Amino acid sequence: MTMAISVATLYAEELKATMRGRFAWLGAAVILLAVGGLATVGTQDTWLDGYGIIAYGLVPLGFIPVAAGMIASPRANRFVECVFTAPVNRRDWLAAKFLVLVTLAAAYYMALVPMMLVYTWHVGLPALLQEFLIWTPGLLIASIAVGTLIGVLFIGRSLAAPTGTGMGVLLAYAGLIPLQELMVSQGNGATRSGHLTLASPAVLLKNALGFTLAASSIPATTRLTWISLLVIVIGALALAAWVFLRAQGVETWEATRRQRWTIAIAIAAMIVLPVMFADTNYDNPAPHANNAPAIRGLFSRAGTSMALVPPGGKPPLRCCSTILNRDEWPLGTDERTARDLLLLLPVETTNRVTDLHTKIAGEVGLNVTADAEALVQAAPRLEMRTYANDSGPAAADGHHVVTGWMVRIPVTLDPTKPWDIGGDRYPLTVTATYQIAGENLPRTFSARAAVDAQVSSAIYEMGFAASILPLFCIGCALVRWRRTR
Amino acid sequence: MSPTTDYAVEMDGITRRFGDFVAVDQVTLKIPKGHLYGFLGLNGAGKTTTIRVLTTLLPPTAGVAKLWGHDVVKEPLAVRRLVGLVSDETSESQSTWTAREYLSYFARLRHMPDPRDQVERLLDQVGLDVTFRGKLMGTYSTGMKRRVEIARALMGHPKVLFLDEPTRGLDLPAKREMWSLLRRLAVDENVTTFLSSHDSHEIRSLCDEISVIARGRLVYTGATHDLGADLDAFEECLIRLLTNQG
């Protein structure tokens, strides 16, 4: 009971003290602004792939140097001399410090909520975000554990060593995530190098939760992965506490030779055991991150033979990207947008085109309506287009059309049911048949492309949600500055 | 609190090594309660290490040290309840706190009733101007910082006050003001004060009983005036003690 009171008091005072740093509130504001700014900009593309990985993965790993610095700082600046000449138990102090770090981590996690709410309001809770919501607190705890150990190990007058080491470990842990994804994608997840990537708790937790960021397979078993993760997290915390209380004084190493060996072996075990024993049987297919259609092949370097332009607009000079509206603003989801779809027929203008019949099919929620007359044209309204440098569509005989026919079809596009707040690429398939004068059989035109869409109001809503807490922090910084100047 | 001892500080064979280096070598010393005791030595003589052992900041390699009868190794919390420490550098550590915040932190750690009132009382006692109490300590002069440190050390009515070179870096008026403050506190608070310094004038002005430490060993323990009737004689005697040693 006495200990609980003592820890509670220390915790409350240390928490208040944390925000008394010269740039504590401003620093928090800057971090939240950066994360919020990323969330806002992230609405312009696939949100979880950009913002999500940074906010839910990398920043939590940033708690490694933060924890290392916060634990090492009172020794570096000798504040511990004041604290431990007051009736303060070192065990209680370490517990309070840990709780403060957990509170800061929780505050960061909560700071992500407004942005997440905007996202889920529009697109629901995709599988990857569900996993992130568990991955992030796991990473935060692991980062605090490892950072605390680093902070305890470095006794000195400089913060450079603990925070620098923390940064190094952060970079290693973060860098192993894409490396592991790459190696698993290439089928090398169980090689020696593949095993090395399991030194990162971020990779272990990802495997344990059974999701990937890009790779297509996950381990079939997770028991040893969970154990490895616990070895790192509980091991780091236990070792930090033991070193702090048993092998160190207030500001000095007091370890015996035996204790020094124990510490070295424990640290080595935390690195080696996961690498050796965590599961690497990447045999199960990875779950889909969201409901996005599997249309990766569509976006290869090859172009397509159709274009999308504003009504009456000219065809693009560089023709034609498979993302039909790549060079203009994405379409708004749940909004009807009028455009002209241009079909670049592989027919020289020396030939006459008749009996054009077109079918346009949007997929995965893309509703396309076209002028019925435009789809069935006995004598289509054709426009001429001249292509430079063999950039025209390939004709039946293989040559690139130099001056060819282009058909203009007014369409209205209505992308619905978005699976992401931005970067939704809805497939679009166009098939057409037409007759060339003098030929017996009709020709077929077929093209597949996509339109880029986004929740058009999301950037403003996300910007608002992202600015609430930074503004609060700036306000607190101003209040403190006015109060103490 | 042990009522069985007459001594505020008892050291028996205290030794502290850092690797092969012996910072404090078998120091044995007893300081009666209620004294303003001087601890004199050159830089690196072992004064700070001795204080750090006595205040539980550093475990001794060998020997036994007790404060008010409490063993510094076995009963660190009991010892911490009895001591106050003013070090020459700790005030720099929290330059982004105000004096009020700094003292409130420790008042709450000590579970003092009415911490705000206590803080104001202590700041009154050490003479820190009210207009500065809510400003960041980084803007304070060295003398003001030292006053805050003393206020912190006095928190909880310590039985033994350790002052580790409390006037280092102070100009002469501030130094004399600090001496006057220390004398007043010794009388008002009836606290045993362990004043460590390499300033012979300071020690001679403030303390009746002193110990002199050189290269980790005590070379003199006794009355201050026994080392010389005036400052010159005192300093000559000190130099002899310090240079003859080792």
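Helix α13 of chain A covers residues 257-277, 21 residues in total. From the first C-alpha to the last, α13(A) reaches 29 Å. That is close to the 30 Å expected at 1.5 Å a residue. The model described here is predicted.

Next comes the meeting of the two chains. Here 25 residues of chain A are in contact with 29 residues of chain B. Which helices of chain A each supply at least two residues of the side that touches chain B? They are α1 (2-18), α5 (79-83) and α15 (458-484). The largest share comes from α1(A), with four residues.

Now cross over to chain B. Chain B has eight helices and 10 strands. Along its principal axes, the C-alpha trace of chain B spans about 50 × 40 × 35 Å. Does the radius of gyration of chain B agree with that of a compact globule, or disagree? A compact globule of 246 residues would have a radius of gyration near 18 Å, and chain B has 18 Å, so the two agree. Of the 246 residues of chain B, 49% count as buried. Contacts also reach along the sequence of chain B. Take those between residues at least 6 apart in sequence: 69% of them join residues at least 24 apart.

Strand β8 of chain B runs over residues 192-197. Is β8(B) mostly covered or mostly open? It is mostly covered, with six of its six residues buried. Both faces of β8(B) are covered. On one side sit B:Thr192, B:Phe194 and B:Ser196, all buried. On the other sit B:Thr193, B:Leu195 and B:Ser197, buried as well.

Which strands pair with β8(B)? One is β3(B), residues 36-41, which pairs with β8(B) in the parallel sense over five bridges. In this part of the chain, B:Tyr37 stands opposite B:Phe194 of β8(B). B:Phe194 is also one of the buried residues named above. Another partner is β7(B), residues 160-164, also parallel to β8(B) and paired over five bridges. The bridge partner of B:Leu161 in β8(B) is B:Thr193, and B:Thr193 is buried too.

Helix α6 of chain B spans residues 172-189. Together, β7(B), α6(B) and β8(B) make a β-α-β unit, and that unit is right-handed.

Note on methods. Residues numbered from 1 in each chain as written. Chains lettered and ligands numbered in written order. Predicted model: local features only at pLDDT ≥ 70, side-chain atom pairs only at ≥ 80, totals over all residues. Buried ≥ 20, exposed ≤ 12 C-beta atoms within 10 Å, placed from the backbone. Pairing = 2+ DSSP bridges. Right-handed = clockwise from strand over helix to strand, strands pointing away. Expected span 1.5 Å × (residues − 1). Rg over C-alpha atoms; globule rule 2.2 N^0.38 Å. Contact = placed C-beta atoms within 7 Å.
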